Structures are given as C-alpha cells and as structure tokens.
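The sequence and the structure are shown first.

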Amino acid sequence: MGSAAQERFSEGTAVVTGAAAGIGEGLVRHLGSLGMTVVVADIDAGRAESVAGDIEAAGGRAEAFGLDVSRSEDVEALAAAVFDRHGSVELLVNNAGIESAGLLWEIDEARWHRVMQVNVDGVFYCLKAFVPRMIDAGTPACIANLSSVGGLNCVAVQSPYIVSKHAVLAMTECLYQDLSLTDAPIQVSAVIPHSVRSEIFLAAQREAPSTNPTANAVFDAMQRDNVTKGMDPLVAAEHMIEQIAQGHFWIHSDDEICSAAARRRGAQLTELRPPSDPREMLTRMGVPLPEGRR
Ligand SMILES: NC(=O)c1ccc[n+]([C@@H]2O[C@H](COP(=O)([O-])OP(=O)(O)OC[C@H]3O[C@@H](n4cnc5c(N)ncnc54)[C@H](O)[C@@H]3O)[C@@H](O)[C@H]2O)c1
C-alpha cells in the first residue's frame, strides 16, 4: 500500500516559497520526486533555478520563480503566472522566513520591520493572492504555513522572529476558521518544526549582525546545534508532507520534540507560569551568562 503522500501528491502543482534552501528546498525536492510539478519560488532566483534544474535532472517537473514575498506585487505576479499556466494549485507552502538576533530593545528598527514584512506580511500576501484563485478553481487543495516551535513557546534574544511565528500560527488558525465558513475543499495546516538543517541563523547574522555578545553566542550555539543535530531537510520533508497528506492540522518535523513543546506551552498557560528562565537555555547551550546575571 502506498503512503498518503503518494496518493495525494503524485500529480498537480505545488508552490513553495523560500524553496531555494533549507526546509523549502527539502520540500520541493521531495514533492518533485512524488510527481508534482513544483514551483520553486525564492528571493534568490539563481539558486531557485539551480534547485529546479536538479529536480528536472532527476526526472521531475519544476519551475523557478524569483520573488520577494514581502512585495505584494511580486506575490500577485507569482499567483497569476502559476494559475495561468496550470489552472490550479494543489499545495501551497508559505515557507519563506528569516531570523534575527538581539535583545528586544536593541533590535534595529529596519530589521524588525523586515522580519515582520517577510514572515508575516509575506504569508498574508500569499494567502490574499492564492486563496481566491484556489476557491475559484474548486479543486481539493492544501495550504501549509511555516510557523515554528518558536510560535508556541518564547525564546530569548530572537524577539522579532518569535513574535512573527506566533503571528503566523494565529493567521493559520484564523485561515482555518474562515475557510470553514465556505464550502471550499481547502485543507489548512500549521507546520511547527523543531530543528531542521538550514541557513537561517547564518543568513540572519550576515544580514543584520547583532552587537549583543549573549545574542551572538546563542546564535552561534543554535547554528552549531542546527548543523550537528538538525534533521536532514529531505527526511523532515517526507515526514511533514506525509502528515499534510493525511489531513492533519498540526505538522511536526520531529514528533516527540514538537509535542513536548506544545505540552510545555499548554502547562505554562494552564498553570499560569511566567515565561521560562532563559538562563537555563544559556547554560544548556554552554553560553556564558551576562555580567550580573550569574
Ligand atoms: N530550520 C529550522 O530549524 C526551522 C525551525 C522552525 C521553523 N522554521 C521555518 O522554516 C522556514 C524556512 O526556514 P529555513 O530554516 O529553511 O531557512 P533558510 O534560510 O535555510 O531558507 C529560507 C529561504 O527563504 C528565502 N527567502 C528569504 N527571504 C525571502 C523573501 N523575502 N522572499 C522569498 N524568499 C525568501 C531564502 O533565500 C532561502 O532560500 C522559515 O519560515 C522558518 O521560520 C525553520
């Protein structure tokens, strides 16, 4: 017997944003191998071309599309082009996202806005451009938005990211409810991965380096952890796509760690606990505690 993913995603069109690296790249490679036509949408058009070329070389069908999800006109152009060409989209994964290091009050204003524009506005623009077209097409479809375990729990020294991932989770639950008021056959899923090997921390420190030594040490440690303990993006993609195909709302990379994160949040709220003490995280990561907080 085949997997649910083979049954559901062996044909049709999938659009994945931020698909030229990390989780998105794993998703398009896996969906391409299942038989879907994949649209590799990314701000790095050159890398998107190269990922699409690899998928085609392996016998799949792929198209690259360069766009910045924080620009509504780019997203509208993507949706128009894809629907013109294929008539329907069976799977949309809103995956493009960026990180940021620093203490909340030290975050550069432009970086704060950039994180919100890419991580939150970008998802909204994609939903605004794709959902009406998906409803009109009338074909069964799925929308999966990338939040994070950081969208359930709060983690120190990355406030714009955490705020944005809580917002994406809320937006996904709102989308689920609003679509339930229509008869559109569109499934909605919230993806809350733990650690999957990617370039997200390196990209953040390259684009907006923090001047805070603790934040920098935490990001160095998270980057090391991501390389040594993060899941392989293809393995994570197989697991996540199978859960989406089975119709789940909550999609995990690693079931045990992701469920534990959800239980932690549940317990915090029901027991009215304050946020966790970040010094425990720093100690676990081997990051020296800031002066005066030892
Ligand atoms: N890697 C993890 O462990 C992890 C864990 C939880 C959640 N996530 C989420 O998964 C998603 C993918 O992250 P990743 O870790 O694979 O990151 P990554 O940095 O490896 O890949 C992100 C991709 O998005 C593209 N991108 C960035 N800004 C863009 C924009 N404005 N428009 C279009 N494309 C853009 C980048 O060029 C890159 O190819 C993010 O939303 C992230 O928050 C990742």
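The ligand is surrounded by 30 residues, and the closest of them are Gly-18, Ala-21, Gly-22, Gly-97 and Ser-198. A residue is near a molecule if its C-beta atom, placed from the backbone, lies within 6 Å of it. Two or more residues of this shell come from each of helix H2 (22-34), helix H5 (109-137) and helix H7 (200-207). H2 gives the most, with three residues. Helices (H or I, at least four residues) and strands (E, at least two) are DSSP runs, numbered from the N terminus.

The model is predicted: local features need pLDDT of at least 70 and side-chain atom pairs count only at pLDDT 80 or more, while totals for chains, interfaces and linings use all residues. Residues are numbered from 1 along each chain as its sequence is written.

**Helix H7**

Which residues of H7 are buried? They are Ile-200, Phe-201 and Ala-204. Seen down the axis of H7, these buried residues fall within an arc of 100°, so they line one face of the helix. The arc is that of the directions from the helix axis to the C-beta atoms. An α-helix has 3.6 residues a turn, so residues three or four places apart point the same way. A residue is buried if 20 or more other C-beta atoms lie within 10 Å of its own, exposed if 12 or fewer, and partly exposed in between, with C-beta atoms placed from the backbone. The cover over the buried residues of H7 includes H2 and helix H8 (213-229).

**The sheet**

Seven strands form an open sheet in the order E3-E2-E1-E4-E5-E6-E7, with parallel pairing. Strand E3 (61-66) and strand E7 (250-251) stand at the edges with a single partner strand each, so one side of each is left without a neighbour in the sheet. Two strands pair if DSSP finds at least two bridges between them. The table lists pairings within the sheet.

| Pair | Sense | Bridges |
|---|---|---|
| E1 and E2 | parallel | five bridges |
| E1 and E4 | parallel | three bridges |
| E4 and E5 | parallel | four bridges |
| E2 and E3 | parallel | six bridges |

Why is strand E1 (residues 13-17) described as largely enclosed by the rest of the structure? Five of its five residues are buried, so E1 is largely enclosed in this way. Both faces of E1 are covered, with Thr-13, Val-15 and Thr-17 buried on one side and Ala-14 and Val-16 buried on the other. Ala-14 stands opposite Val-38 in E2, and Val-16 stands opposite Val-93 in E4.

Thr-37 in E2 is the bridge partner of Thr-13. Towards E3, Val-40 has Ala-64 as its bridge partner.

Two β-α-β units involve these strands. E1, H2 and E2 make a right-handed unit, and E2, helix H3 (residues 45-57) and E3 make a right-handed unit. A crossover is right-handed if, with the strands pointing away from the viewer, the path from the first strand over the helix to the second runs clockwise.

On the E5 side, Leu-91 has Cys-142 in E5 as its bridge partner.

**Two buried loop residues**

Val-89 lies in the loop between helix H4 (72-86) and E4. With 23 C-beta neighbours inside 10 Å, Val-89 counts as buried. Leaving aside neighbours within four places in sequence, Val-89 is in contact (C-beta atoms, placed from the backbone, within 7 Å) with Thr-13, Val-15, Val-82, Phe-130, Met-134 and Ala-141.

Ser-147 is located in the loop between E5 and helix H6 (159-180). This residue has 27 C-beta neighbours inside 10 Å and therefore counts as buried. Not counting residues up to four places away in sequence, Ser-147 touches Lys-165, Val-168, Leu-169, Thr-172, Ala-190, Val-191 and Ile-192. Ser-147 and Trp-105 are 42 residues apart in sequence and 23 Å apart in space, C-alpha to C-alpha.
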